[in-house]
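Thanks for coming. Please have a look at the sequence and the model on the screen before I start.

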Amino acid sequence: MDDIIAAHVQLAARARAHGVKVHAATIAPYGGSEMYSAEGDKAREQANAWIRTSDAFDGVLDFDAVWRDPADPTRIRIDLHIGDHLHGNDAGYAALARSIDLSVLD
């Protein structure tokens, strides 16, 4: 996790050095997919907690919160993925789009 954080901090610093705002998105759940593992999900949760609280970014897009199934936070809501538990469907991507406060891009 330390390497991931260091890379994000470095990327943000380099972008800001060129006058670019830096926004980050949380990692969406992926339980039920072929890629899922409990260890990987723990790392996803740790990364998301850091993204949300680090103040390393000018804005955070909390895609995890938008897609997360309240009944099982390791999974995308059934109505928002294409059936593979990994990729959004049209409703899923529309939900992500609606979740973005466009003023963070100013």
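This is a predicted model: local features need pLDDT of at least 70, side-chain atom pairs count only at pLDDT 80 or more; totals for chains, interfaces and linings use all residues.

Residues are numbered from 1 along each chain as its sequence is written, and side-chain values use heavy atoms, with hydrogens and water left out.

Helix α4 covers residues 90-99; helices here are DSSP runs of H or I with at least four residues, numbered from the N terminus. Which residues of α4 are buried? They are G92, A95 and L96, where buried means under 20% relative accessible area, exposed over 50%, and partly exposed in between, with a 1.4 Å probe and protein chains only. These three span an arc of only 100° around the axis, so they sit on the same side of α4; the arc is taken from the directions from the helix axis to the C-beta atoms. The face turned away from that buried side carries the exposed residues D90 and R98.

Now the salt bridges: a side-chain nitrogen of Lys or Arg within 4 Å of a carboxyl oxygen of Asp or Glu. By this rule there are eight. One of them joins R52 and D64, at 2.6 Å from N to O. R52 is in helix α2 and D64 in helix α3, twelve residues apart. D64 is buried, at 3% relative accessible area, while R52 is partly exposed, at 34%. D64 also forms a salt bridge with R68, at 2.5 Å. D41, R44, R52, D62, D64 and R68 are linked in a network of salt bridges.

Technical notes: Helices (H or I, at least four residues) and strands (E, at least two) are DSSP runs, numbered from the N terminus.
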